[in-house]
Amino acid sequence: MAGLKERFQAFVNNRWLVFVAAMWMQSCTGPGYIFGSISPVIKSSLNYNQRQLSKLGVAKDLGGSVGFIAGGLCEILPIWGVLLIGALQNLIGYSSLWLIVTGKVPVFPLWAICVLIFVGHNGETYFNTAALVSCVQNFPKSRGPVVGILKGFAALSGAILTQIYTMINFPDQASLIFMVAVGPTMVVFALMFIIRPVGGHKEVRPSDGLSFTVVYSVCLLLAAYLMAIMLLEDLVSVSHNLITIFTLILFVPLFIPIVLSFCEGHRDPAEKVLLPKPYQHDAGNPEQDTREHEVVSSEFKDENPEEVDSLVVPEGQKRIAQLQAKLFQATAEGAVRLKNRKGPHRGEDFTLMQALIKADFWLIMFSLLLGSGSGLTVIDNLGQMSQSLGYDNTHIFVSMICIWNFIGRVGGGFISEIIVRDHAYPRPIVIVVAQLVMAVGHVFFAMGWPGAMYIGTLLIGLCYGAHWAIMPATVSELFGLKKFGALYNFLNLANPAGTLVFSGVIASRIYDREAEKQARQHHIQSHISGSIFSGMLAADESLNCEGSICFFLSSMIMSGFCIIAVILSMILVYRTKTVYAHLYGKSC
């Protein structure tokens, strides 16, 4: 009985179980990505124009990005407490919006609805922060894959929620808002006591690489399956029973990674490879007892001089010579200055205030604002973009961009990890490529060619996702893990700042201007034809724009800003070459 209890306790405290639970939670708690599906019903029910709808989108993005409170609470509350607050915010915000849209309560003024959307979507910051802080601490040696997978499932949640909505077969589109209010809340309540740091920083297993390969395979399988059933449902008529079966099968791959927990829990303890000696436990050394409870905050700690003392003499001398050679090289390159500097160096632990005075941090911030902000503008306006080009079913494009977003996050984390591990080259080099491709994607949306919606959705989704797999991992490498929650949530402000400019100021104004031009033309044509009724109908449709002209200019502007983001990212790559060479460089 005691042995069974120990095995159960080991399973509950297994870092892979925490990771799988975080994947489950992220896959159902990203309602912001289906705003393109719920925005048309909000627009029609409340009689909003595009500019008013863009304000709601900016409020949503601001709510999903202002995570300072979530980051701060992670330092004083248990993780389950943080998740509970987020779940309550999600329930209150979106359920109130549903009551307003369905007419069950009087319509609130625009600013009040913005507040409700802000509160509801702000709950997502608690989910993201709790999942990332827990799993990055549990897997400090695999930050790229961990961040990419978790952020990827957050992006995929839009497609998963849409598929569940299709399965339940609600009577109206407003019910999707109700499902967004209730579904994520129930999932968080079920998993909030599992997701937490469990001390994974104390060990690394040789099989971790294989385990992450299995998880990547499951991710790709899930995305491919979801894409296949989504296209099938769009192209042919599928019975409701078959849709139900498709949706239930959708969740089967998520059980596969649980096997990793059992496999790791039953391995021979001799397979464990502890991190360098300073992090091992030695009952006879009280200093090491103290260090055992510290979270690894920087890769530089692997270079601790005490590690040299634990080696045999010849190996220790060789290691000393290697460290001296690295020091001389760094001095020659200007990475180490002779005069003392206040504050930490890149690669060590920074507070938020210390990071805010560093040029690298602001390069990351503005690169995200231009690249990620323009991508999120497309995601928020995808419903209107597809309608302007004559597509009736907007859900297909919202689901597709969620899937490509997911693949971009998972793939971005995987590719960037290869670059830093195998080549010791700066991780942001992947962002340079992504932003170049994103510029091309905006051009496809601008031109409105046949099939351009599918290609543009593919390119923007992949590249937007890559941003949020790579940049958080980059921040943890350059500025440490100790205050990662605060740093990550500050970076999230790039999203609402970008959409405020691109969507709230540029895209919505251009859309409404073109819609007014088309309304005047319809009005003139109706007078020429002598039909008063046609003139009244045209007036009623004055806020709808048709054709590629609706988003042509705004898409071209965003494409240009993506090129500027490429330049900023290249500067960041140049500035951090020495840091990454020191973090991941292999000894000769």
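Residues are numbered from 1 along each chain as its sequence is written, and side-chain values use heavy atoms, with hydrogens and water left out. Because the model is predicted, local features need pLDDT of at least 70 and side-chain atom pairs count only at pLDDT 80 or more, while totals for chains, interfaces and linings use all residues.

**View 1. The aromatic pair Phe-361 and Phe-479.** A search of the whole structure finds 22 aromatic pairs (rings of Phe, Tyr and Trp, the last by its six-membered ring, pair if their centres lie within 6.5 Å; planes under 30 degrees apart count as stacked, over 60 as edge-to-face and the rest as tilted). In the pair shown here, the ring centres of Phe-361 and Phe-479 are 5.6 Å apart and the planes stand at 80°, so the pair is edge-to-face. Because Phe-361 belongs to helix α17 (residues 359–380) and Phe-479 to helix α21 (residues 452–479), the pair ties together parts that are 118 residues apart in sequence; helices are DSSP runs of H or I with at least four residues, numbered from the N terminus. Phe-361 has a relative accessibility of 0% and counts as buried, and Phe-479 is also buried, with a relative accessible area of 0% (buried means under 20% relative accessible area, exposed over 50% and partly exposed in between, with a 1.4 Å probe and protein chains only).

**View 2. The aromatic pair Trp-362 and Phe-490.** The rings of Trp-362 and Phe-490 have centres 6.0 Å apart and planes at 85°, so this pair is edge-to-face. Trp-362 lies in helix α17 and Phe-490 in helix α22 (residues 484–491), so the pair ties together parts that are 128 residues apart in sequence. Trp-362 is partly exposed, at 31% relative accessible area, whereas Phe-490 is buried, at 12%.

**View 3. An aromatic cluster that includes Phe-361 and Trp-362.** One aromatic cluster is formed by Phe-350, Phe-361, Trp-362, Phe-366, Phe-479 and Phe-490.

**View 4. Asn-47 in a loop between helices.** Asn-47 lies in the loop between α3 (35–46) and α4 (50–63), and its phi is near 55°, a positive value in a residue other than glycine. With a relative accessibility of 64%, Asn-47 counts as exposed.

**View 5. Ala-424 in the loop between α19 and α20.** The loop that holds Ala-424 runs between α19 (395–423) and α20 (429–447). Phi of Ala-424 is near 55°, a positive value in a residue other than glycine, and Ala-424 is buried, with a relative accessible area of 16%.

Note on methods:
Helix = DSSP H or I, 4+ residues; strand = E, 2+ residues; numbered from the N terminus.
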